[in-house]
Amino acid sequence: MTFQDIFKSGFLENIAGISLPDMAIALLLAFLMGLFIFFIYKKSYSGIMYSASFGATLVALSLITTLLIMTVVSNVVLSLGMVGALSIVRFRAAVKEPMDIAFLFWAIGAGIVLAAGLIPLGVIGSLLIGAVLLLFVNHKSNDQPYMAVIGLSAKAEDTVLETLAKGTKKQVVKTKSVSPEGMELTVEVRLQENSTAFMNSLAAIPGVSRATLVSYNGDYMG
């Protein structure tokens, strides 16, 4: 009995299912594509704190997906078993930034396309996606909203609102908190030519105890 006779399931035959050059080309392209996705992620990131580990995860996802899809393409029986095995996997890691979901799907999709042999589609499609993300995510609006948080006395309220009206293009009171010690206003403002000089005027008004200006993107202050 030879060593091959022991594996009646045809295990050794699967070794030659995919040639070494094909494997090397697919994995190399997946690695390069993962690096490109990582580069776009780093350039277009606009969250609070950049995570280098997430960028490395994008590269790993491209390689892992390529391995799995190459297995599916080479053996139909293994593909059915893989579907059943992966169906029991549960991921509970929270995705804090909505844009991270797009990068995760991009890395997985690139791995699938490359493993399927559709190299022009994977390369051209990834270049187009990267260009779109760089164009739109990094686009800085000249009308960026800010939040002015002002602590003041009741007598200074009218003067504060007048100063905001003169020093900003637009102002909307978001919250007004009143207590025996005074009040606090939170006002959304749009700057005039990116000038914050009005904050100095606010701080100089009698009755204003503090004045803080923070940028606001709809998700967080900072």
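Mentor: A residue is called buried when its relative accessible area is under 20%, exposed when that area is over 50%, and partly exposed in between, using a 1.4 Å probe and protein chains only. This is a predicted model, in which local features need pLDDT of at least 70, side-chain atom pairs count only at pLDDT 80 or more, and totals for chains, interfaces and linings use all residues. Residues are numbered from 1 along each chain as its sequence is written, and side-chain values use heavy atoms, with hydrogens and water left out.

Trainee: Which residues are buried in H5?

Mentor: Helices are DSSP runs of H or I with at least four residues, strands are runs of E with at least two, and both are numbered from the N terminus. In H5 the buried residues include Asp 100, Phe 103, Trp 106, Ala 107 and Ala 110.

Trainee: How many residues has the largest nonpolar core, and which have the most contacts inside it?

Mentor: A nonpolar core is a set of buried Ala, Val, Leu, Ile, Met, Phe, Trp, Tyr and Cys residues joined through side-chain atoms within 4.5 Å. The largest one here has 17 residues, and among those with the most contacts inside it are Ile 150, Leu 152 and Phe 198. Two or more residues each come from strand E1 (145–152), helix H7 (157–167), strand E3 (182–191) and helix H8 (197–203), with E3 giving the largest share, five residues. Apart from this core lies another, of 13 residues, which include Trp 106 and Ala 110.

Trainee: Which residues is Ile 150 in contact with, leaving aside its neighbours within four places in sequence?

Mentor: Contact means heavy atoms within 4.5 Å, and the partners of Ile 150 include Val 160, Leu 164, Leu 202 and Arg 210.

Trainee: Where is Glu 193 found, and is this residue buried or exposed?

Mentor: Most residues other than glycine have a negative phi. Glu 193, in the loop between E3 and H8, has a positive phi near 55 degrees and is exposed, with a relative accessible area of 82%. Asn 194 has its place in the loop between E3 and H8, with a positive phi near 60 degrees, and is exposed at 59%.
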